[in-house]
Amino acid sequence: MDKVMRLSSEKGVVIFSKSSCCLSYAVQVLFQDLGVSPKIHEIDKDPECREIEKALLRLGCSKPVPAVFIGGKLVGSTNEVMSMHLSSSLVPLVKPYQC
């Protein structure tokens with residue numbers, strides 16, 4: 001859990017992802033389209049992958065990836081991020097982190 005909390009605070013927008021996950025890719029593209037360059041952690045390339053997945057689930061993610069953190073706080077997975085985007089509440093949240 002400590003590792004996840006440390007990594008989630010490395011940058012304004014952090015996405016925990018897996019290299020083969022199409023939903024993770026879609027969320028990454030969304031943030032790039034919004035002018036945000038998120039820090040991506042491909043957990044399937046981390047030797048502690050299982051521990052990271054468990055920590056993300058304990059933090060409240062419905063699925064371990066993608067897990068999106070903004071300002072060091074868990075926003076959620078694909079459903080939460082897309083819902084925020086459709087309700088126009090995502091852009092104001094990421095505005096401080098736009099390039």
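**Entry 1: the sheet**

Before counting anything, I note that two strands pair if DSSP finds at least two bridges between them. I also note that this is a predicted model. With that in hand, I looked up the sheet: four strands make an open one, ordered 2-1-3-4, and the pairing is mixed.

Which strands stand at the edges? I found strand 2 (39–42) and strand 4 (73–76) there; each has a single partner strand, so one side of each is left without a neighbour in the sheet.

Then I went to strand 1, residues 13–17. It runs parallel to strand 2, and four bridges join the two. For a spot to look at, I picked Val14, which stands opposite Lys39 in strand 2.

**Entry 2: helices on the sheet**

Next I asked which strands helix 2 touches. Helix 2 (residues 22–33) packs on the sheet and touches strand 1, strand 2 and strand 3 (67–70). Its direction makes about 165 degrees with that of strand 1.

Helix 4 (residues 78–86) packs on the sheet as well, touching strand 3 and strand 4. I noted an angle of about 85 degrees between the direction of helix 4 and that of strand 4.

**Entry 3: helix 3, inside and out**

I moved on to helix 3 (49–59). Which of its residues are buried? My list reads Cys49, Ile52, Glu53, Ala55 and Leu56. They cover an arc of only 165 degrees around the axis, which puts them on the same side of helix 3. I looked for what covers them, and that includes helix 1, strand 1 and strand 3.

On the other side of helix 3, I found Arg50, Lys54 and Arg58 exposed. Just after the helix comes Gly60, which takes a positive phi of about 120 degrees.

**Entry 4: salt bridges**

A reminder to myself: side chains of opposite charge can pair when their charged atoms come close. How many salt bridges are there here? The count comes to four.

One of them joins Asp46 to Lys3, with the closest N and O atoms 2.7 Å apart. Asp46 sits in the loop between strand 2 and helix 3, while Lys3 is in helix 1 (residues 2–8), so this pair ties together parts that are 43 residues apart in sequence. I also saw that Lys3, Asp46 and Glu48 are linked in a network of salt bridges.

Lys18 is partly exposed at 23%. Arg50, at 55%, counts as exposed.

Conventions: Residues are numbered from 1 along each chain as its sequence is written. This is a predicted model: local features need pLDDT of at least 70, side-chain atom pairs count only at pLDDT 80 or more; totals for chains, interfaces and linings use all residues. Side-chain values use heavy atoms; hydrogens and water are left out. Contact means heavy atoms within 4.5 Å. Axes are lines fitted to C-alpha atoms, for helices over the stretch in contact, and angles run from 0 to 180 degrees between N-to-C directions. A salt bridge is a side-chain nitrogen of Lys or Arg within 4 Å of a carboxyl oxygen of Asp or Glu. Buried means under 20% relative accessible area, exposed over 50%, partly exposed in between (1.4 Å probe, protein chains only). The arc is that of the directions from the helix axis to the C-beta atoms.
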